[in-house]
Amino acid sequence: MFKSLIQIILWVIPWSIRRVLLRWFFGYNIHPKAKIGKSIILAKELILKEYSSIGNFCFCKNIDRLVLGAYTNLGNFNYITGVPTGINTHFTSVPNRKCELIVGEQTGITSRHYFDCTAGIYIGNFCQIAGYGTTFLTHSIDCVKSRQDATSIRVGNYCFIGLKSTILKGVTIADKLVVGACSLVTKKIEDSEALYGGDPCKFIKKIENAQFFNRTKGAL
């Protein structure tokens, strides 16, 4: 609560000064060309590379690490959470667990998405998490073994994820792939240059020579 209050108070200070204070108070690594809006970021480690940005009213709590690559944008009202490492009562059966959100370069994440980073979420370069309301869940209860379980989520380069999709733990999405709106992704997707969608998510058709898959600038 105290750390949140400090960050809210700092909202009234010009960004050039607030950036210095965030580095001083929290030890955050924020590039001089990066920016954070009126958001609360409580990751143990924050790395914002050049021209990356976090919009307004995002809330990030209880994760070990948040990294945004160069020219990557995290929009407004996104919620980032997880169970950090070092808590002995949870996820002791998951080896080498990392509670983090790592996003590559030139990627756009719009607004009102939910990221459960308990086992790590890794999003590649030139991706678009579009619309609103997509959920990434890296943990759940293993009913057979009656315990908490967690596995990372990995999204490749040049991927498009439509609004209100759900990506469950253990999912890996190949490079150059489109996931349609309102999809439920429960399994690894290995086909590149393709459209997947539905509940459950399945192959729909190939997409060849798409300009989205060959962009040199992330912004659309």
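Predicted model: local features only at pLDDT ≥ 70, side-chain atom pairs only at ≥ 80, totals over all residues.
**Entry 1: Val94**

I started with Val94, which is buried at a relative accessible area of 14%. Buried here means under 20% relative accessible area, exposed means over 50%, and partly exposed is in between (1.4 Å probe, protein chains only). Residues are numbered from 1 along each chain as its sequence is written, and side-chain values use heavy atoms, with hydrogens and water left out.

Where does Val94 lie? I found Val94 in the loop between strand 9 (79-81) and strand 10 (100-103). Helices (H or I, at least four residues) and strands (E, at least two) are DSSP runs, numbered from the N terminus. Leaving aside neighbours within four places in sequence, Val94 is in contact (heavy atoms within 4.5 Å) with Asp149 and Ala150. I also checked Val94 against Ala119: they are 25 residues apart in sequence, and their C-alpha atoms are 8.6 Å apart in space.

**Entry 2: Ser152**

Ser152 sits in the loop between strand 17 (147-150) and strand 18 (153-155). Is Ser152 buried or exposed? Ser152 is buried, with a relative accessible area of 18%.

Ser4 is in helix 1 (residues 2-10), and Ser4 is buried at 11% relative accessible area. Beyond residues up to four places away in sequence, Ser4 touches Ile40, Leu42 and Phe59.

Next I looked at how helix 1 sits against helix 2 (residues 15-26): their axes come within 11 Å and cross at roughly 165°. Axes are lines fitted to C-alpha atoms, for helices over the stretch in contact, and angles run from 0 to 180 degrees between N-to-C directions. Angles over 145 degrees count as roughly antiparallel, under 35 as roughly parallel, 65 to 115 as roughly perpendicular and the rest as oblique. So helix 1 and helix 2 are roughly antiparallel. On the helix 1 side I listed Lys3, Ile6, Gln7 and Leu10, which meet Arg18, Leu21, Leu22, Phe25 and Phe26 in helix 2.

**Entry 3: cysteines**

How many disulfides does the whole structure hold? I got zero disulfides, a disulfide being a pair of cysteine sulfur atoms within 2.5 Å. Cys127 is buried, at 0% relative accessibility. Cys201 is in no disulfide either, and the nearest cysteine sulfur, that of Cys159, is 11 Å away. Cys201 is buried as well, at 16%.

Most residues other than glycine have a negative phi, and most peptide bonds are trans. I noted these exceptions.

- The peptide bond from Asp199 to Pro200 is cis, with omega near 5°; Pro200 is in the loop between strand 24 (194-197) and strand 25 (202-206).
- Lys176 is not a glycine, yet has a positive phi of about 55°; Lys176 is partly exposed at 26%.
- Cys182 has a positive phi near 60°; Cys182 is partly exposed at 48%.
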